[in-house]
Amino acid sequence: MQGFWAPRRIVMAAIAAGIVVWCVLALNWTWLADPKYQGLILQGIWTTIWILVVTMVLGMLLAIPLGLAQAAGPWWLAMPAAGFCGLIRGTPLLLQLWLLYYGLGSLFPSIPWIRQSDLWPILRQAWPYAVLALSLSVAGYEGEVMRGAFKGVPHGQLEAAKAMGMPRFTIFRRIWLPQALRRVLPTLGGETVLQMKATPLVATITVIDIYAVSSRIRQDTFVVYEPLLLLAVVYMAIAGVIVLLFRWLENRVPQKTA
Amino acid sequence: MKDTAAPSPEAIRVDELHKSFGAHHVLKGVSLRACEGDVVAIIGGSGSGKSTMLRCINFLETPSSGRISIGGEDVAMRPDGSPLNRKQIERLRQSLGMVFQSFNLWTHRTVLENLIEVPVHVLKTPKDEAIARARKLLARVGLAEKEGAYPAFMSGGQQQRAAIARALCMEPRAMLFDEPTSALDPELVGEVLQVIRGLADEGRTMVLVTHEMKFAREVASHVIYLHNGLIEEQGPPDQLFGAPKSERLKQFLKSVA
Ligand SMILES: Nc1ncnc2c1ncn2[C@@H]1O[C@H](COP(=O)(O)OP(=O)(O)O)[C@@H](O)[C@H]1O
Ligand SMILES: [Mg+2]
């Protein structure tokens with residue numbers, strides 16, 4: 001407790017509290033009281049969160065075969081997988097997003113059977129391209145990470161499973177994959193935060209995430225600064241939740257730090 | 001079984017086994033026979049092919065040629081020695097409990113989970129039955145308190161005893177040990193040997209690669225001395241250790257004494 005109430009800490013806390021009070025009192029937050037904007041903000045936060053969660057999950061589902069192909073696959077699987085990861089990692093996400101949105105997005109309408117399919121009402125919206133581009137990005141980065149993780153699982157543990165007559169897929173599902181995932185957990189938390197920070201790019205293809213909402217509020221109300229502050233608070237809160245979530249996950253299976 | 005006059009059934013049989021790694025001819029025609037209750041010890045210098053021979057028995061290495069049968073059942077092999085039938089290999093492996101030099105416990109699972117993994121998820125033993133069996137085995141190897149521990153937090157001796165319990169938990173017909181104490185600090189060797197000795201005493205069939213000559217002499221019913229991929233000499237332990245015939249074995253025993 002002595003350490004906690006050290007003078008340095010008290011000063012810091014006082015400064016922080018001062019800034020918050022000043023922000024609340026001196027800045028213009030009247031727009032926050034507008035129910036229209038409240039609804040938009042909640043919707044924007046929701047969009048940001050679901051895009052983040054869905055693209056991380058889809059990306060990891062793709063990253064697993066991509067990593068496995070590179071770690072243990074035959075060359076005709078390993079090479080394309082490595083090529084894909086290199087391509088994704090070597091080009092800007094914004095470019096990938098626009099290529100998919102303006103490329104596929106203008107190709108699809110010219111193909112009659114796609115226009116007539118049941119999927120068309122979905123494919124003519126922007127979000128499928130946002131989800132696709134952001135998922136592929138996760139797949140590219142995490143595919144590389146998973147390659148290392150698969151290779152890092154001690155061979156003896158796989159051999160022990162084999163020696164006990166475990167079928168190959170059971171070894172993968174029960175031993176190899178869980179340990180590889182356990183290994184990427186510490187990096188995955190950080191990468192999820194990075195992915196969160198990449199989500200505002202979807203606003204460039206008309207998806208209304210929290211960033212798009214704050215831009216809209218700024219244009220409507222001519223309040224320049226405050227919506228950006230709100231944005232910072234929202235992203236920091238989401239990042240905080242991600243960090244806590246991954247810390248909890250990591251603690252569930254202790255790993256000896258050698 | 002050991003005391004009855006009638007010959008016990010054959011548990012493991014290896015005939016004229018050859019194994020090459022590329023151009024490196026490692027096993028040059030070795031044979032081995034272990035009946036129920038036998039303890040066969042394989043000794044020999046490093047690089048003589050002991051591990052390779054043991055690993056061929058459960059097809060962790062693919063023999064180049066030869067014949068292997070487990071419990072009287074021939075392993076189906078192609079002419080090049082590779083297994084013909086994956087399902088058969090998996091089934092036969094389930095009847096052979098292998099213990100490695102480096103323990104190889106699954107580090108993402110607790111000790112108890114390590115033990116019940118194969119019984120529950122491969123052999124489809126009811127979970128409570130597997131847990132009961134696992135607890136009994138853990139008590140037997142002196143790890144009753146450790147069932148919730150993760151392997152990385154245990155000593156080498158504890159890990160190896162857990163690995164032995166894990167192999168026993170699938171109720172194998174025979175046990176294969178590949179230098180189970182070689183990775184251990186000297187003060188931890190005794191506790192592991194004591195567990196293995198207990199298994200020998202209860203009449204378990206085992207093939208044991210070891211550098212512990214005194215131990216091999218005490219527990220083995222048959223000893224094989226391997227040199228450069230060939231069986232240089234074999235026989236009952238007292239004969240092999242007490243009155244070795246070949247010059248190489250005499251040299252070898254002198255060097256490890
Ligand atoms: N996977 C492998 N690839 C190539 N050579 C191997 C492999 N495993 C073993 N060897 C070689 O086979 C020989 C016998 O090895 P091993 O059976 O491990 O000997 P031991 O267990 O008696 O020390 C050694 O020369 C070793 O280098
Ligand atoms: Mg060896």
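User: What makes α1(B) the element with the largest share of the shell around ligand 1?

Analyst: In this predicted model, α1(B) gives 3 residues to that shell, the largest share. Helices (H or I, at least four residues) and strands (E, at least two) are DSSP runs, numbered from the N terminus. Residues are numbered from 1 along each chain as written, chains are lettered from A and ligands numbered from 1 in the order written, and side-chain values use heavy atoms, without hydrogens and water. Local features need pLDDT of at least 70 and side-chain atom pairs count only at pLDDT 80 or more, whereas totals for chains, interfaces and linings use all residues.

User: Which residues are around ligand 1?

Analyst: A residue is near a molecule if one of its heavy atoms lies within 4 Å of it. Those around ligand 1 include B:Phe21, B:His24, B:Val26, B:Lys50, B:Ser51 and B:Thr52.

User: How do the residues of this shell divide into nonpolar, polar and charged?

Analyst: There are 2 nonpolar, 8 polar and 1 charged. Ala, Val, Leu, Ile, Met, Phe, Trp, Tyr, Cys and Pro count as nonpolar, Asp, Glu, Lys and Arg as charged, and the others, Gly among them, as polar.

User: Why is B:Phe103 called buried?

Analyst: Buried means under 20% relative accessible area, exposed over 50%, partly exposed in between (1.4 Å probe, protein chains only). B:Phe103 has 11%, and is therefore buried. Its place is in the loop between β6 (96-99) and α3 (111-121) of chain B.

User: Why is A:Phe222 called exposed?

Analyst: Its relative accessible area is 70%, so A:Phe222 is exposed. This residue is found in the loop between α10 (210-221) and α11 (226-252) of chain A.

User: What is the phi of A:Phe222?

Analyst: A:Phe222 has a positive phi of about 60°, although it is not a glycine. Most residues other than glycine have a negative phi.
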